[in-house]
Amino acid sequence: LAQAAVAALAAFIVVLLARRRQIHLERETAVALVRGLVQIVAVGSILVLLLRGPRWTSVFLLVAMIVAAGSISRKRAKGIPGAFSVSTYAIACGAGSVIAVMTWLGVIDTSITALIPVGSMLIANAMNTNGLALNRFRSDVLAHVGEVETALALGAEPRNSVAPYVQASFEASLIPAIDSLRSLGIVWIPGLMAGMLLSGAGPLYSAIYQFVVLAMIFAASGLTALTSTLLIRTHAFSPAEQLLLRPGK
């Protein structure tokens, strides 16, 4: 707990430094830190119970994680109706399908101690990618409302009027995943590999499995962003093909 307090203090010092530049993130950061600590402790307690149960119970926890991830991601698409359903469906399609296929192929072990941690990593990264995609799409459309409405007035289909912003949001959302792969082993040694090394696994095996996990993260994130950006463009317009996004919403 003392170490957690020190780490949280370091995070909050950054927020206070940002405040001096009139950037106010105090409340959001405080809530995120408290929620993060409570949630991870709760999940740890649940895992203790799950480890004693049958393997199929892990499916329910992964589904709950996907729903929670969709709820968090939807905040990045404020003002767009159906953002929660789009986010949840996209994360389920991206992370869920990769987890299912990789488990079926034997890449992810079906034991709870392997499936839950690896699955949660895929879901969390898919959530972050989805949030980046929705946020970029929303800000780009808001910055070009005039161009979008002009295109609509000239007879362009809604999906074509926002096509450049869909493409830009998809590309931008995958930058962290691509950079993680590029910097693997040179800039950083991920926690999974470090944990495997500390537990006595061979360095080469640990390194290869870490690459496998990052490749799965990229696949899950890419599929999530692709699904999300394709779905959200239809929700940005009314049935009468009017743009719903407006500055200040």
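Student: Which residue does R19 meet in a salt bridge?
Tutor: In this predicted model, the side chain of R19 meets that of E26 in a salt bridge, with a distance of 3.2 Å from N to O.

Student: And is E26 buried or exposed?
Tutor: E26 counts as buried, because its relative accessibility is 18% and the cut-off for buried is under 20%.

Student: How many salt bridges does the structure hold?
Tutor: The structure holds four salt bridges, and the one between R19 and E26 is among them. Another is formed by the side chains of E157 and R159, which meet at 3.1 Å, again from N to O.

Student: What about accessibility there, starting with E157?
Tutor: E157 has a relative accessible area of 40%, so E157 is partly exposed, and R159, with a relative accessible area of 46%, is partly exposed as well.

Student: Where does D179 come in, and which residue does D179 meet?
Tutor: D179 meets R182 through a salt bridge between their side chains, at 4.0 Å from N to O.

Student: How are R182 and D179 placed in helix α9?
Tutor: Helix α9 spans residues 175-183, and because R182 and D179 are three residues apart within that helix, about one helical turn separates them. R182 is exposed, with a relative accessible area of 65%, whereas D179 is partly exposed, with a relative accessible area of 37%.

Student: Switching topic: which residues form the positive surface patch?
Tutor: The positive surface patch is made up of R35, R74, K75 and R76. One of these, R74, lies in the loop between α3, residues 57-73, and α4, residues 83-105.

Student: Is R74 exposed or only partly exposed?
Tutor: R74 counts as partly exposed, because its relative accessibility is 37%; a patch residue needs over 30% relative accessible area, and the value for R74 is therefore enough on that point.

Student: S73 next, then. Where is S73 found?
Tutor: S73 is found in helix α3, and, with a relative accessible area of 1%, S73 is buried.

Student: What does the side chain of S73 reach?
Tutor: The side chain of S73 reaches the backbone oxygen of M127 at 3.1 Å, and a polar contact of 3.3 Å also joins the side chains of S73 and N130.

Student: There's another serine I'm curious about, S173. Where is its place?
Tutor: S173 has its place in helix α8, which covers residues 163-173, and S173 counts as buried because its relative accessibility is 1%.

Student: How many residues separate S173 and N135 in sequence?
Tutor: S173 and N135 are 38 residues apart in sequence, while in space their C-alpha atoms are 9.2 Å apart.

Student: Last one: where is A95, and is A95 buried or exposed?
Tutor: A95 sits in helix α4, and A95 is buried, with a relative accessible area of 0%.

Technical notes
Residues are numbered from 1 along each chain as its sequence is written. This is a predicted model: local features need pLDDT of at least 70, side-chain atom pairs count only at pLDDT 80 or more; totals for chains, interfaces and linings use all residues. Side-chain values use heavy atoms; hydrogens and water are left out. Patches are made of residues with over 30% relative accessible area and no salt bridge: like charges are joined within 9 Å, nonpolar side chains (Val, Leu, Ile, Met, Phe, Trp, Tyr) within 5 Å. Accessible areas come from the Shrake-Rupley method with a 1.4 Å probe; for residues, only the protein chains shown count as cover. Lys and Arg count as positive and Asp and Glu as negative; His and the chain ends are not counted. The place of a charge is taken as NZ of Lys, CZ of Arg, CG of Asp or CD of Glu. Helices (H or I, at least four residues) and strands (E, at least two) are DSSP runs, numbered from the N terminus. Buried means under 20% relative accessible area, exposed over 50%, partly exposed in between (1.4 Å probe, protein chains only). A polar contact is a pair of N or O atoms within 3.5 Å; within protein, one must be able to donate a hydrogen and the other to accept it, and residues adjacent in sequence count only if both atoms are side-chain atoms.
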